[in-house]
Amino acid sequence: MTTLALRLAPTASAGRSRLAFQLACAVVGAVLIAGLAQFTVYLPFTPVPITGETLGVLLVGAAYGPALGAATMGLYLAAAVAGLPVLARNAAGGHDTGLHVIGAAFPSAGYLWGFLLAAVLVGWLSRQGWDRSFRSSVSAMFFGEVVIFACGIPWLMHAVGVDVQTALTLGLYPFVVGDTIKLLVAAGALPLAWAALRRFGPGEGAGDGEEFGAG
């Protein structure tokens, strides 16, 4: 099966046009995630902020598929390492940048790597058709969230030197309600987008093919 982005892409025979479309998708997706990251709330007891990034990651993964989703997240992380203010604002109101943001000592780095893996997993599930109904889309988004926290919490434990229970208090419990809402929003958006595409978009065969760099 295909994904939303691939359905809208030029056909594989279009060659460079298809690759240009996919590169444009990666840039747009990275900008979307960066924009949502600016919706940031810091709680006084945890170094990990509440942000809108997760919503962007789930949407990008589901709409783009595993390869293009991973490329988009790679571009997002590369922009942060290169010094662009794309990550969530830090507690001082600025932006952390540089290689350390993906390093072992950065408390949120595990979540950033989790975003990459979650985009791949949610994208792969979408390629299997899990984004076509609300019920299956919720499951795909839930598994994506599990991956994010499975990466983020152990990394947080190492970065700040706390035990498992403290790490859960700092890096999981404060985010359950907000991430559930983001999960439901993302899960609802994909079936609606497919319904609109079936009604107004190109035919079933348009854009199908290899996911990234085909043609």
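1. Buried means under 20% relative accessible area, exposed over 50%, and partly exposed in between (1.4 Å probe, protein chains only). Val31 is exposed, because its relative accessible area is 56%. Of the 215 residues of the protein chain, 47% count as buried.

2. The model is predicted: local features need pLDDT of at least 70 and side-chain atom pairs count only at pLDDT 80 or more, while totals for chains, interfaces and linings use all residues. Residues are numbered from 1 along each chain as its sequence is written, and side-chain values use heavy atoms, with hydrogens and water left out.

3. The protein chain has 8 helices and 0 strands (DSSP runs numbered from the N terminus; helices are H or I of at least four residues, strands E of at least two). The order from the N terminus is α-α-α-α-α-α-α-α. Helix H2 covers residues 16-37 and contains Val31.

4. Val27, Val31 and Leu75 make a nonpolar surface patch of about 250 Å². Patch residues have over 30% relative accessible area and no salt bridge; like charges are joined within 9 Å, nonpolar side chains (Val, Leu, Ile, Met, Phe, Trp, Tyr) within 5 Å. A salt bridge is a side-chain nitrogen of Lys or Arg within 4 Å of a carboxyl oxygen of Asp or Glu.

5. The protein chain exposes about 9600 Å², and carbon and sulfur atoms supply 71% of this area (Shrake-Rupley method, 1.4 Å probe; for residues, only the protein chains shown count as cover).

6. Among contacts (heavy atoms within 4.5 Å) between residues at least 6 apart in sequence, 72% join residues at least 24 apart. Along the principal axes, the C-alpha atoms fill a box of roughly 50 × 35 × 25 Å.
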